[in-house]
Every structure is written in C-alpha cells, then in structure tokens.
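Biologist: Walk me through this one. I want each label set against its rule.

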Protein chains: 2
Amino acid sequence: MSILIVGTTALDSIKTPQSENPRLLGGSASHAAVAASFFAPVSLLGVVGDDFPEEYITLYKKHKIDLAGLERAPGNTFHWEGEYEVNMNNRQTLETDLGVIENWAPTLSDNLCRQPFVLLANCAPQLQHHVLRQTKEARFVIADTMDLWLNIARHELESLLKEIDCLVLNDSEARQLMEEDNVVLAAQQIHRYGPKYVIVKKGEHGSVLSGPNGLFLAPAFPLNKVIDPTGAGDSFVGGLVGYLASHPGEVETNLHQAIIHGSVTASFCCEGFGLAATTEISMADIQQRMEALKSMVAF
Amino acid sequence: MSILIVGTTALDSIKTPQSENPRLLGGSASHAAVAASFFAPVSLLGVVGDDFPEEYITLYKKHKIDLAGLERAPGNTFHWEGEYEVNMNNRQTLETDLGVIENWAPTLSDNLCRQPFVLLANCAPQLQHHVLRQTKEARFVIADTMDLWLNIARHELESLLKEIDCLVLNDSEARQLMEEDNVVLAAQQIHRYGPKYVIVKKGEHGSVLSGPNGLFLAPAFPLNKVIDPTGAGDSFVGGLVGYLASHPGEVETNLHQAIIHGSVTASFCCEGFGLAATTEISMADIQQRMEALKSMVAF
C-alpha cells in the first residue's frame with residue numbers, strides 16, 4: 001500500500017569540525033520519503049522555494065517518489081544551518097529560515113487524500129493537523145515531533161495527539177512532554193494524550209515502543225563511525241512506515257519488524273552527510289544489515 | 001562449578017533527595033557475590049574491619065556464600081558515602097575511607113586457589129592481579145574496573161588486562177581507556193590489551209559484548225522506577241559469572257544468555273537501597289523477568 005508523507009523539504013547546511021556542507025537536501029519529509037521509498041510507493045507533500053536545486057528533484061525521482069504534492073512557491077526554501085561538536089552527539093542550530101513553509105497550508109488532491117498510510121513527519125503541529133483533517137481513508141497515522149513544538153505549540157500538539165495512531169519522539173522530548181525523568185514510564189504515560197502506540201527514539205541506544213501488548217525494546221544498528229546523524233530520526237520513521245505499508249496484516253503484528261527495519265534504514269543515514277549515504281543503498285543492503293542485526297541480538 | 005569473587009566488602013552511605021541510608025552493606029564483591037549466589041556456589045574473598053555488622057555476615061550466609069576467605073582485620077571497613085541527584089543518573093562521592101582494604105594483600109587457601117571461575121570485581125588492579133597470580137585452575141577470569149583505576153593505576157590495569165579473559169567496564173570508561181568517543185569502536189579496540197571478551201555496560205541502555213564472533217547487543221530490563229543503582233554493575237557481572245559457572249559447555253556458547261541473566265539480576269538491585277531488593281528475590285523471580293525480557297525483544 002502507499003504512503004502520504006508531509007513534512008519539511010529543506011536545505012541543510014551542516015558544519016562539523018572537519019567540513020562544511022552547504023545547502024544539502026534535507027528536511028523531515030525528504031529523509032522519511034527516501035527511507036520509505038525502499039519499501040513502498042511514497043507521495044511527498046511539501047513546499048520548496050525558487051532556490052530549490054533541480055538536482056534534488058532528480059534525487060526524489062530516482063527514488064520513484066510521487067511529487068504531485070510538492071509545491072514550488074515564490075521565496076526561499078526552508079533552510080537550516082547547524083554545527084556538530086567533535087563527538088557528533090551535540091549540535092547547535094546556527095540559523096533557521098522557515099521561508100516558504102511558514103504560511104503554507106496545502107489543499108490535498110483527491111489522490112493524496114486517499115493514501116492508507118499517513119506519516120506526519122516533523123513539522124508544525126498545526127500543519128500536521130491541517131493535512132490530517134483532509135485525509136479520507138487513513139488506516140494508520142504516525143506523527144513525529146520535536147522539542148521546538150513542545151515549547152511553542154504545546155496546545156496544538158495535544159490536539160493532534162488525539163487524532164493519531166502512533167507518536168514518535170526522542171527520549172528528551174518524552175521526558176519533557178510528561179515531566180517524567182524515567183523514559184520507560186514517560187512513554188507509557190503518553191497514551192493518555194491519545195496515541196495507541198508511542199515510540200521513543202534513543203539515538204545510538206535504539207528505541208522503545210509502548211503499545212497495547214506492552215513494551216518492545218529495539219536496538220540501534222551499531223556503527224563504528226557516524227558521519228552525520230541529521231535526519232536519522234526521520235529516516236527511522238520513514239523506514240518504519242515503509243515496512244508497514246509494504247506488509248499485509250495488522251499493524252500490531254508487523255510493528256516490531258517495522259521498527260527494526262526503521263533502525264537499520266536510519267543507520268545508513270548516519271554514514272554520510274545529508275542523504276548522501278541513504279540514496280546510494282538498495283533493499284539488499286537493508287536486508288544484509290537486518291540479518292547482521294538479528295545475529296547481534298540472538299540469545 | 002564454583003566461583004571465587006574478590007573485591008570490596010564495604011559499608012555504603014547513600015543519600016538521595018528523599019532519604020539517607022547510612023552504612024548499608026555494599027562493595028563490588030558483596031553485590032557480585034549475592035547476584036552470583038542465585039546460580040552457583042560462591043566463595044567470597046574480602047576484608048572487613050571491627051565495625052562490620054554481624055547482620056551483614058548473616059546476609060552473606062543466607063545466600064550460602066562461603067566466607068572462609070572473608071578476613072576481619074583491626075580498623076574500619078571500607079566506607080563510601082555518595083549522594084544521588086533527583087534523576088538518579090548523576091551521583092557525587094562525598095567521602096571515601098579505604099580502611100582495612102588499603103594495604104590488604106590476601107594469601108589464598110588451597111581451596112580458593114582452585115576455583116574454576118574467577119571474578120575480579122571492581123577494586124585496585126594491583127589487588128586483582130595479586131589474587132589472580134595465586135589462582136591455579138582458573139577456566140575463566142573476568143575483571144571489572146572503574147574510572148578511578150584508569151586515572152591512578154593505568155599501568156597496573158594494563159598489566160592485568162594481559163592475563164584475563166573478559167573485561168567489564170562502563171561506556172565512559174571504555175571511551176577513556178581507548179580515547180575513542182565511539183563506544184562500539186572502543187569496545188573492539190580494547191582487545192589489543194589482551195582480553196578475548198570485552199563487555200561495555202551502558203546502564204539503562206543495556207550492554208555491548210565484543211568477542212571473536214563479533215558484537216552482541218544486550219538490552220537492560222526496563223524499570224518504571226529506580227530506587228538506587230549503586231551496585232547494579234557489580235550485580236550484572238555477578239549474575240553473568242554465576243550463569244556461566246552453572247551451565248556446562250563453552251563460555252562462548254553461554255555468554256549471550258549469561259549477559260542477559262546478568263542484566264536481569266542487576267535490574268532487581270536498582271529497586272532497593274543497597275542489597276535490600278536483591279536479597280529478597282529468588283531464582284523464580286529472575287526466570288520470570290527473563291521470560292518478560294525475551295518477549296520484549298522478539299521481532
């Protein structure tokens with residue numbers, strides 16, 4: 001089955017102690033869409049400005065991503081500039097220019113309204129909700145979020161949570177949302193806001209799912225070298241929803257496998273700047289790491 | 001088979017924002033010995049002072065720990081005083097009095113020399129090496145260590161590493177030892193110093209084994225509430241060596257299961273001050289959490 005992915009389609013300028021990487025293709029929807037594209041047909045809903053390079057359109061097309069919902073508007077593409085410290089664990093936002101996404105409120109075509117899997121990748125909860133309200137045949141709705149929205153759009157986020165099946169957020173965000181330091185407990189408490197499933201991302205430490213059948217603890221694929229973790233969380237949720245959309249049966253039954261496939265897909269994202277590594281892999285590479293990961297957790 | 005465990009037998013005074021807990025039974029050897037005692041016969045090698053309460057001797061005996069190697073010397077028992085912050089993740093050492101262990105250099109009885117499994121629980125590398133040199137029939141030797149010894153006894157620790165089968169240390173210590181920020185890479189590099197197996201403890205995030213067959217990623221048992229993590233790392237390695245000693249066959253074959261049993265045993269340690277929770281459990285409780293953990297990682 002196919003997937004609608006809405007989120008940011010951005011230009012990311014990423015500095016590390018070793019290098020500068022200006023205006024790479026980035027954004028939550030870009031990372032998620034490329035990750036999901038290995039598994040299932042993806043329709044991208046996003047907006048870019050006049051300055052969006054044609055080569056990035058070509059990259060989307062290489063992954064057979066449906067771009068009917070990618071709008072080009074007058075103005076600048078959303079641009080994020082960030083700098084990582086030596087260990088790649090801490091990063092600092094140097095500049096954010098929302099550009100054309102700031103006041104964007106898309107009207108969905110009939111085809112986009114009817115996608116069975118809906119990923120509201122990280123963007124303003126108001127925008128996520130605006131898109132969700134237009135969907136007509138959604139079987140499973142996942143939303144990702146970030147600390148910014150907890151700080152400036154908490155009310156809008158809480159409204160959204162009532163309408164989705166699964167929330168994905170990272171450990172510090174889960175703690176912040178529930179004002180609870182214990183991540184396992186925080187994950188379990190988030191159900192109160194509405195989502196049947198809650199997935200807490202812990203970066204190199206994997207992730208935790210809380211759902212009707214209790215907890216599922218998922219490892220991250222161990223990497224000897226991290227080049228750039230930007231977009232890894234988006235790749236994770238993209239791979240996850242891609243797996244779900246491409247496998248028949250209940251979400252409940254497939255979700256553990258989906259999370260592990262998300263983990264593995266995200267691991268490639270960390271091995272290059274922006275989408276450089278992810279766009280070079282194939283399903284065979286994902287399967288190979290799946291097998292390796294299975295053997296690394298067997299007991 | 002049986003286990004020789006050497007390390008500190010201490011009195012721990014543990015403050016938290018909620019409570020003060022003076023002079024609890026603690027120390028690396030105490031935690032490891034009680035944890036291992038659920039699985040296999042344990043001989044404890046340690047030293048206590050005049051002030052060591054009789055009730056703690058009773059506690060060791062309740063766990064059928066052989067105390068022939070527990071020496072009572074004139075002076076104070078090793079005493080550690082620490083304070084945890086609200087989230088129980090950060091702790092500060094307020095005072096350390098080495099007491100009778102400072103100049104202790106035990107001579108092992110013939111029986112103790114012939115134990116097949118040897119756990120050099122966290123204590124000075126000089127003391128660990130002194131004990132190891134007296135062993136005569138060791139089949140498998142594990143050593144645990146801590147940042148203090150990396151700082152003040154690096155040379156002695158490196159000498160010890162040449163002689164042991166397995167090193168256990170936590171993630172920040174692995175980073176420090178190899179001057180490598182990537183924990184997975186640091187674990188793999190530690191083999192250069194000698195140990196065939198390296199286990200990096202990551203607290204609530206589980207642990208990573210690096211060995212001849214590659215990596216093994218072990219989850220921690222998720223807890224909704226942590227009362228006191230003091231001794232959890234010692235309980236982990238105690239449960240681990242206990243499992244190995246109680247199961248026939250090659251260590252290589254049993255090590256993954258041993259690590260998971262160590263994880264589960266350590267989870268109980270975190271649920272009470274000092275040994276309060278661990279000493280109340282039975283093998284059935286460990287088995288129950290093993291089953292629960294298995295279902296939480298299945299995919």
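**Strands and sheets**

Modeller: Start with one pair: A:Tyr84 stands opposite A:Arg91 in β7(A). This is a predicted model: local features need pLDDT of at least 70, side-chain atom pairs count only at pLDDT 80 or more, and totals for chains, interfaces and linings use all residues. Residues are numbered from 1 along each chain as its sequence is written, while chains are lettered from A and ligands numbered from 1 in the order in which they are written.

Biologist: What makes strand β6 of chain A and β7(A) a pair?

Modeller: Bridges. Strand β6 (residues 79–84) of chain A and β7(A) share six, in the antiparallel sense. Pairing needs at least two DSSP bridges between the strands, so they pass. The names are DSSP runs numbered from the N terminus (helices: H or I, at least four residues; strands: E, at least two).

Biologist: Why do β3 and β7 of chain A stand at the edges?

Modeller: Look at the strand order. The open sheet of four strands in chain A runs β3-β2-β6-β7, with mixed pairing. β3 (20–26) and β7 (91–97) of chain A each have a single partner strand, so one side of each lacks a neighbour in the sheet. From one strand to the next, the twist averages 20°.

Biologist: Which strands are the edge strands in chain B?

Modeller: Chain B has an open sheet of four strands in the order β3-β2-β6-β7, again with mixed pairing. Its edge strands are β3 (20–26) and β7 (91–97), and each pairs on one side only. The average twist is 20° from one strand to the next. Inside that sheet, β2 (residues 10–15) and β6 (residues 79–84) of chain B pair in the parallel sense over five bridges. There, B:Asp12 stands opposite B:Trp80 in β6(B).

Biologist: How many residues lie between β12(B) and β13(B) in their hairpin?

Modeller: Two. Strand β12 (residues 207–211) of chain B runs antiparallel to β13(B), joined by five bridges. One bridge partner of note: B:Leu209 has B:Phe216 in β13(B).

**Helix pairs**

Biologist: Why are α4(A) and α6(A) called roughly parallel?

Modeller: Helix α4 (residues 125–132) and helix α6 (residues 154–161) of chain A pack at about 30°, with axes 8 Å apart. Axes are lines fitted to C-alpha atoms, for helices over the stretch in contact, and angles run from 0 to 180 degrees between N-to-C directions. Under 35 degrees counts as roughly parallel, over 145 as roughly antiparallel, 65 to 115 as roughly perpendicular, and the rest as oblique. The pair is therefore roughly parallel. The contact is made by A:Pro125, A:Gln126, A:Gln128 and A:His129 of α4(A) with A:Glu156, A:Leu157, A:Ser159 and A:Leu160 of α6(A). Contact means C-beta atoms, placed from the backbone, within 7 Å. These residues divide into three nonpolar, four polar and one charged. Ala, Val, Leu, Ile, Met, Phe, Trp, Tyr, Cys and Pro count as nonpolar, Asp, Glu, Lys and Arg as charged, and the others, Gly among them, as polar.

Biologist: What makes α9(A) oblique to α10(A)?

Modeller: The axes of α9 (residues 232–245) and α10 (residues 251–269) of chain A cross at roughly 140° and come within 7 Å. That angle makes α9(A) oblique to α10(A). The crossing is right-handed. Among the residues in contact are A:Phe236 and A:Tyr243 of α9(A) and A:His261 and A:Cys269 of α10(A). By class, the contact has 12 nonpolar, nine polar and no charged residues.

Biologist: At what angle do α9 and α10(B) cross in chain B?

Modeller: Roughly 140°, with the axes within 7 Å. α9(B) and α10(B) are therefore oblique. α9(B) passes α10(B) in a right-handed crossing.

**The two copies**

Biologist: Which element supplies the largest share of the side of chain B that touches chain A?

Modeller: The contact takes 23 residues from chain B and 23 from chain A. On chain B, α8 (183–189), β13 (214–218), α10 (251–269) and α11 (283–297) each supply at least two. β13(B) gives the largest share, four residues. By class, that side has 13 nonpolar, seven polar and three charged residues.

Terms used. Contact = placed C-beta atoms within 7 Å. Left-handed = near helix turned anticlockwise from the far one by under 90°.
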